[in-house]
Amino acid sequence: MRHAAEIGPRFDLIREGDAPGPLFVMLEGWACRYKILPEGTRQITAFLMPGDCCDLYTSILDEMDHSIATLTPALVAAIPRPAFEQLLFDRPMLLRAFWHMQLVDEGILRAWIVSMGRRNSVQRVAHLMCELYVRARGIGLVNDQHFALPLTQTVLGDALGLTPIHVNRVLRRLRLDGVMQLRGGALVIEDISRLAAVAGFDDNYLHRRLRRAA
Amino acid sequence: MPNAFIAKLTGHANLSDQDIALLADACGTPPRSARDSI
């Protein structure tokens with residue numbers, strides 16, 4: 001397939017147990033990686049924003065160990081695995097770019113583990129908001145310290161290991177402290193320095209070296 | 001709509017015009033919009 005497809009929200013692009021499929025590329029919209037636990041709860045393990053890929057190298061595995069679903073209406077390209085692998089074989093700089101992208105994804109995963117294990121709920125929310133802000137800014141989605149953040153409190157809770165009620169309390173506190181607020185589906189950063197200080201945020205794991213140098 | 005995918009990849013490595021054109025083709029987006037995104 002060489003055409004991007006419009007896909008509705010809450011649609012599984014691929015499910016746990018499926019054979020790995022094509023390389024999905026998020027051109028527009030948001031998606032997430034997730035796992036469903038035996039008792040039916042969901043843990044989101046990554047947010048995929050425009051420009052993100054879903055699982056670069058899963059084709060060498062027999063089956064998916066997690067699912068990927070859209071969170072919003074999305075425009076998704078599906079690059080067939082043989083075409084993708086040929087591209088990497090033919091173009092060394094593309095191979096390097098995808099390696100780099102994969103390493104950043106792993107850095108993000110490590111940062112999430114640290115958050116879940118060692119940050120309190122306020123720090124956890126603040127850290128995620130800093131990360132999403134930096135990632136959105138990197139692809140030009142931030143406009144005057146705010147950007148569209150189409151994530152419900154339930155979705156945030158599933159990513160942060162918190163209940164929606166707890167997420168609501170934390171967001172209220174950050175709003176009352178004049179740090180940030182979620183308003184009308186947008187994240188509005190009132191004071192990025194304070195938000196970063198609350199989170200203990202260091203963007204080194206996003207490895208934005210080339211973008212900084214540009 | 002700019003191609004955020006290509007914008008992001010160009011942040012990871014110094015891609016040539018041909019690299020970008022091949023990526024755009026693989027995604028099914030016109031090369032021009034891909035070029036405009038960076």
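Visitor: What covers the buried residues of α4(A)?
Guide: The cover includes β5 (42-48), α3 (121-138) and α5 (164-176) of chain A, where helices (H or I, at least four residues) and strands (E, at least two) are DSSP runs numbered from the N terminus. This is a predicted model, in which local features need pLDDT of at least 70 and side-chain atom pairs count only at pLDDT 80 or more, while totals for chains, interfaces and linings use all residues. Residues are numbered from 1 along each chain as its sequence is written, with chains lettered from A and ligands numbered from 1 in the order written.

Visitor: Which residues of α4 are buried, then?
Guide: In α4 (residues 153-160) of chain A they are A:Leu156, A:Gly157, A:Asp158, A:Ala159 and A:Leu160, buried meaning 20 or more other C-beta atoms, placed from the backbone, within 10 Å of the residue's own. Just after α4(A), A:Gly161 takes a positive phi of about 70°.

Visitor: At what angle do α4(A) and α5(A) pack?
Guide: Their angle is about 100°, and the axes lie 8 Å apart, so α4(A) and α5(A) are roughly perpendicular to each other (65 to 115 degrees). From α4(A), A:Gln153, A:Thr154, A:Leu156, A:Gly157 and A:Leu160 make the contact, and from α5(A), A:Pro164, A:His166, A:Val167 and A:Asn168; contact requires C-beta atoms, placed from the backbone, within 7 Å.

Visitor: Switching topic, how many residues does each chain give to the A–B contact?
Guide: Chain A contributes 25 residues and chain B 22 residues. On the side of chain A that touches chain B, the elements giving two or more residues are β3 (23-28), β8 (74-79), α1 (81-90), α2 (92-118) and α7 (209-213) of chain A.

Visitor: Which gives the largest share?
Guide: That is α2(A), with six residues on the side of chain A that touches chain B.

Note on methods:
Contact = placed C-beta atoms within 7 Å. Buried ≥ 20, exposed ≤ 12 C-beta atoms within 10 Å, placed from the backbone. Axes fitted to C-alpha atoms, helices over the stretch in contact; angles between N-to-C directions. Parallel < 35°, antiparallel > 145°, perpendicular 65-115°, else oblique.
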